[in-house]
Amino acid sequence: MTIIKCVIALWCSSFSSAFMLALHGLDLQVKKVSTMPLSVTMEESRRDFIRSAAAGIFAIGTTAQPVSAVMMSVDDPVIKLFNSGQALGKELAIERFMLARDDLNYLLKNYGEISAGGGDSVRRYLGTVGVTSGLYGITKVLKELQNEADDFVEYTENMNEFDAYLRQADTSCYSANFVEFSAAKTKPEKFLDDAKSDAEQMKKRLNAMAAELKL
């Protein structure tokens with residue numbers, strides 16, 4: 001009986017020591033966190049935010065592709081021609097103009113579905129993200145067709161206004177990507193609605209230039 005009591009006493013003593021060591025280790029962890037400099041904790045928070053934002057952007061980048069995406073890639077000869085700085089030539093420039101108009105019309109017709117994918121989904125149709133849209137390189141296309149217009153001045157005014165609306169639409173879509181992570185109260189939908197209004201103005205200018213080119 002005495003032996004059993006000794007074993008029980010020894011077991012209780014060992015359990016108590018292990019329990020105290022565990023508590024001591026937990027206390028050390030708490031002290032380590034509580035004494036961590038504020039700048040370190042802020043830096044960790046900033047890194048977590050950047051990781052979250054990057055993940056969101058990656059998800060946005062996997063959304064719907066423009067109508068002309070099937071025939072456009074970084075290896076496409078036309079894209080290489082754009083990047084080479086060489087002239088497109090009248091025939092190719094007109095072809096690109098028509099593709100641009102098709103993609104812009106498709107964007108406006110299906111804007112609700114496309115914009116649901118976020119700002120970058122719209123920007124792919126605007127030709128400002130990736131090379132898949134018919135609007136990619138549109139500034140070069142419009143400039144090359146400038147001398148083909150019936151009224152050079154009228155065409156040039158529409159071209160400059162088109163470019164201004166394109167830049168505004170792109171900026172609004174870009175802002176829509178990040179507004180949720182900022183302190184601003186503006187919702188992404190507001191920026192996307194603004195971009196749609198700009199795209200509608202782009203269509204008007206593009207149609208006016210098409211009339212000048214008799215297209």
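Biologist: Which residues of H9 are buried?
Modeller: This is a predicted model, where local features need pLDDT of at least 70, side-chain atom pairs count only at pLDDT 80 or more, and totals for chains, interfaces and linings use all residues. Residues are numbered from 1 along each chain as its sequence is written, and side-chain values use heavy atoms, leaving out hydrogens and water. Buried means under 20% relative accessible area, with a 1.4 Å probe and protein chains only, and helices are DSSP runs of H or I with at least four residues, numbered from the N terminus. In H9 the buried residues are Pro188, Leu192, Ala195, Asp198, Ala199, Met202, Arg205, Leu206, Met209, Ala210, Glu212 and Leu213.

Biologist: Nice! Which helices do those buried residues pack against?
Modeller: Contact here means heavy atoms within 4.5 Å. By that test, the buried residues of H9 pack against H4, H5, H6, H7 and H8.

Biologist: How are H4 and H9 oriented to each other, roughly parallel or roughly antiparallel?
Modeller: Their axes, lines fitted to C-alpha atoms over the stretch in contact, lie 10 Å apart at about 150°, on a scale from 0 to 180 degrees between N-to-C directions. Angles over 145 degrees count as roughly antiparallel. H4 and H9 are therefore roughly antiparallel.

Biologist: And how far does H9 reach from its first C-alpha to its last?
Modeller: H9 has 26 residues. The expected span is 1.5 Å times one less than the number of residues. That expectation is 38 Å, and H9 comes close to it, reaching 37 Å.

Notes: Helices (H or I, at least four residues) and strands (E, at least two) are DSSP runs, numbered from the N terminus. Angles under 35 degrees count as roughly parallel, over 145 as roughly antiparallel, 65 to 115 as roughly perpendicular and the rest as oblique. Buried means under 20% relative accessible area, exposed over 50%, partly exposed in between (1.4 Å probe, protein chains only).
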